[in-house]
Amino acid sequence: MKIETLTARHVMSRALVAIRADESPLMAWELMRRSGVHHLPVVEGRHVVGVLTREDVAVTWSGGPQEQSDRQVGSLLGREPRPRVGPDTPLARVAAVMVDSGCDAVPVVSRSGLVGLVTARDVLSAVAGRIDPRKEEPGEIVTGMFHLEPVLPGQG
């Protein structure tokens, strides 16, 4: 497949690790660490309200675990709406959105909500010819979204 014909659908990650806006930065950090990701879509159901990065958590970190447990990741998101793209957005347009907004990951949304995430690494991999475009028939995009639920001592 030629780079000119690639869309967000071809390069996006579909297996997403997400977090709710009311979760703590401590939970976000642990979720990123355990899953090996640098970006967490912040969601309310399947509706994406933003994308949290490791840098967002690190630059706002103050105090210890207790202080981080008392805050919510929703407060770490900027007030400006984050850009988002559709599954059929051409890859060149996805890259332009990322450059224009100064972000290194954009959520991919459809009428049903969040369906994927395109990162700068995904774009670079596609340009370098190191990505196997996900071949997909037209229709429903199947996305897996994972949430981490804490288990407190004595509840398990």
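Helices (H or I, at least four residues) and strands (E, at least two) are DSSP runs, numbered from the N terminus. The structure here is a predicted model, in which local features need pLDDT of at least 70 and side-chain atom pairs count only at pLDDT 80 or more, while totals for chains, interfaces and linings use all residues. Residues are numbered from 1 along each chain as its sequence is written, and side-chain values use heavy atoms, with hydrogens and water left out.

**The chain as a whole**

- The protein chain has six helices and seven strands, and along the sequence they follow the pattern α-β-β-α-β-β-α-α-α-β-β-α-β.
- Of the 156 residues in the protein chain, 40% are buried (under 20% relative accessible area, with a 1.4 Å probe and protein chains only).
- Among contacts (heavy atoms within 4.5 Å) with a separation of 6 or more, 61% are between residues 24 or more positions apart.
- The protein chain exposes about 9200 Å², and carbon and sulfur atoms supply 53% of this area, computed by the Shrake-Rupley method with a 1.4 Å probe.

**An open sheet**

- Three strands form an open sheet in the order S2-S3-S4, with mixed pairing; two strands pair if DSSP finds at least two bridges between them.
- Strand S2 (19-20) and S4 are at the edges and have a single partner strand each, so one side of each lacks a neighbour in the sheet.
- S2 and S3 run parallel and are joined by two bridges.
- Ile-19 stands opposite Val-42 in S3.

**The largest pocket**

- A pocket is an open set of points on a 1 Å grid over the protein atoms alone where a 1.4 Å probe fits, with protein on both sides within 12 Å along at least five of seven lines; lining residues have an atom within 4 Å of a point.
- The largest pocket has a volume of about 360 Å³, the volume being the space filled by probe spheres set on the points.
- Its lining has 17 residues, and Val-37, His-38, His-39, Leu-117 and Thr-119 lie nearest the centre.
- Strand S1 (15-17), strand S3 (39-44), strand S6 (113-119) and helix H6 (120-127) each give two or more residues to this lining.
- By class, the lining has seven nonpolar, six polar and four charged residues; Ala, Val, Leu, Ile, Met, Phe, Trp, Tyr, Cys and Pro count as nonpolar, Asp, Glu, Lys and Arg as charged, and the others, Gly among them, as polar.

**The second largest pocket**

- The second largest pocket holds about 150 Å³ of space.
- It is lined by 13 residues, with Gly-50, Leu-77, Gly-78, Glu-80 and Arg-82 closest to its centre.
- Strand S4 (residues 47-53) gives the most to this lining, four residues.

Note on methods
Buried < 20%, exposed > 50% of the residue type's maximum accessible area, 1.4 Å probe, protein only.
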